[in-house]
Amino acid sequence: MIITGDDYEYIAFVKARLREQFLMTDLGPLRYFLGIEVSSTSDGFYISQEKNIQDLLARAALGDERTVETPMELNVQLRASDGDPFSDPTRYRHLVGSLVYLAVTRPDISYPVHILSQFVSAPTSVHYSHLLRVLRYLCGTNTHRLFFPHSSSLQLQAYSDAMWASDPSDRRSLFAYCVFLGGSLIAWKTKKQTAVSRSSAETELRGMALLTAEVTWLRWLLTDFGFSVTTPTTLLSDSTGAISIARDLVKHELTKHIGLDPSFVCASV
């Protein structure tokens, strides 16, 4: 159990009441929780999973300490039929499952983990080779950490991007977003869209709509925590089609096959 707040006397009171009802031990300031390491400094907090990465690399038994600069090669499109069936699918599932949890503190592997997790039911030798690349990337970056500064502002800023028809098997698009609270990265996701988009503008707008919903929820959450969010949240996207539609809703060629996403985004604005 983690107890947090800015009233240390009340935290001590809560701990005392809990000890009256339950057999518990006070472990002091937060340092390690469910595999996540927390380091506190005068400037802020660092969050990492260095020990988990070391344990995962030990279980993977790579055989050498070669590293790579990126977790996945550029413009790779994996298919279910690539390569021969992998001889030990349970091993593949175990390693991918461990990577899914590591992505809680490592947004840089979110994209390859999303791709590789699609093949856990029937992995092939090609999929496993790309999995080993992610592990070699982690071997060279196991000390990377997320930093949450004490002086960070409470201004939200969001970024959205999408890859149109990126999945070669069903032509569905991939979208990703990240949200910063001041200088702190607090939310990110990489996910395949549920419908096939007929243009890159539609793909980008679907991603923007999903990110708009996430930002709306985060603004409500900050309000529940007692922080009044009165300034607009900046949502940045590199879609020229989305920018054109936002400026002029009668862009018929861009909107004739798109549903409610543009209206939802504009209404939120």
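Start at L34, in the loop between β1 (32-33) and β2 (36-40). Helices (H or I, at least four residues) and strands (E, at least two) are DSSP runs, numbered from the N terminus. Phi of L34 is near 50°, a positive value in a residue other than glycine. L34 is exposed, with a relative accessible area of 60%. Buried means under 20% relative accessible area, exposed over 50%, and partly exposed in between (1.4 Å probe, protein chains only).

A note on what you are viewing. This is a predicted model, where local features need pLDDT of at least 70 and side-chain atom pairs count only at pLDDT 80 or more, while totals for chains, interfaces and linings use all residues. Residues are numbered from 1 along each chain as its sequence is written, and side-chain values use heavy atoms, with hydrogens and water left out.

**Next stop: N75**

Select N75, in the loop between α2 and α3. Its phi is near 60°, again positive in a residue other than glycine. N75 is exposed, at 68% relative accessible area.

**Helix α3**

Now select residues 89-102, which make up helix α3. This helix has 14 residues and reaches 20 Å from its first C-alpha to its last. That is close to the 20 Å expected at 1.5 Å a residue; the expected span is 1.5 Å times one less than the number of residues.

Show side chains for Y92, L95, V96, S98, L99 and L102, the buried residues of α3. They cover an arc of only 155° around the axis, which puts them on the same side of α3. The arc is that of the directions from the helix axis to the C-beta atoms.

What do the buried residues of α3 pack against? Bring up α2 (50-60), α4 (110-116) and α5 (125-140): these are the partners. Contact means heavy atoms within 4.5 Å.

Stay in α3 and pick V100. At 45% relative accessibility, V100 counts as partly exposed. Draw a C-alpha to C-alpha distance from V100 to T4: the two are 26 Å apart in space and 96 residues apart in sequence.

Move to H114, in helix α4. Buried or exposed? H114 counts as buried, at 15% relative accessibility. Which residues does H114 touch, not counting those up to four places away in sequence? Select L174, T190, K191 and K192.

Follow that list to K192, in strand β7 (residues 184-192). K192 counts as buried, at 15% relative accessibility.

**Zoom out**

Finish with the whole protein chain. Its secondary structure comes to 9 helices and 8 strands. The C-alpha atoms fill a box of roughly 65 × 55 × 35 Å, taken along the principal axes. Of the 269 residues, 35% count as buried. Among contacts with a separation of 6 or more, 69% come from residues 24 or more positions apart.

Switch to a surface. The protein chain exposes about 16,100 Å², and carbon and sulfur atoms supply 56% of it. Areas come from the Shrake-Rupley method with a 1.4 Å probe; for residues, only the protein chains shown count as cover.
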